[in-house]
Amino acid sequence: NEWIADIGAYDGDSVRDLVRLHNDAFAHVLALEPDAKNFAKLQSSVAALPENIRTKVDCRRMAAASHPGTLRFDAVGTAASAVTTLEEPADSMAFGGSVEVPADTIDRLLDGARPTFIKLDIEGSEPDALEGARQTIERDAPVIAVCVYHRQDHLWRIPLMLKRWRNDYVFFLRPHNEEGWDLVCYAVPRARLIGGVR
């Protein structure tokens, strides 16, 4: 019965894996994807699912950020679509990309929902999106799967950020391919661990 925020949903690959592994045994998925080509693939992928599953997946063409606004985005129609500048200017959310996309905080997008799992793979913008999820993280302690390989300092910066907000997270690192790319940090509340890891 996981309530999942899939931030950087790409073409629906994570949703497809979820359905393949668990069929309809989940509560809800909020899938955000700002790239228009990827979003069209995401919508097609979700549309092909059985209705009882399809109705649990909310697809939105937008980005997650630390505050509401508009992002300039390099939309390339691949998994590498990204905002063109990784560090947000102090006075604006306008980046130098080719396409403007709406952005909002995860806290606001959830609209009162209480997610149990947040996945972020957004090509280097993970810290910014996590800032916009801070209230949710502090309140609900969802499991977090966040990519930490896009920028070198994310390897320590992101876990330290999460640890400041919740001291009950236990952290795990896992590379998802043989070269060490796709390195994901998993932050799991102690209460959800099996086997009592301390």
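This is a predicted model: local features need pLDDT of at least 70, side-chain atom pairs count only at pLDDT 80 or more; totals for chains, interfaces and linings use all residues.

**First stop: helix α7**

Select α7 and colour His154, Ile158, Pro159, Met161, Leu162 and Trp165: these are its buried residues, buried meaning under 20% relative accessible area and exposed over 50%, with a 1.4 Å probe and protein chains only. Look down the axis of α7: the buried residues fall within an arc of 155 degrees (taken from the directions from the helix axis to the C-beta atoms), so they line one face of the helix.

Residues are numbered from 1 along each chain as its sequence is written, and side-chain values use heavy atoms, leaving out hydrogens and water.

**Next: what α7 packs against**

Show α5 (126-131), α6 (134-140), β9 (143-147), β10 (169-175) and β11 (183-189); the buried residues of α7 pack against them. Helices here are DSSP runs of H or I with at least four residues, strands are E runs of at least two, and numbering starts at the N terminus.

Then click Ile144. Beyond its neighbours within four places in sequence, its contacts (heavy atoms within 4.5 Å) include Leu120, Ile137, Leu162 and Tyr169.

**Last stop: paired strands**

Select β1 and β8, which pair in the parallel sense over four bridges; pairing takes at least two DSSP bridges. Ile4 sits opposite Phe117 in β8. Move on to β8 and β9, also parallel and joined by four bridges, and find Lys119 opposite Ala145 in β9.
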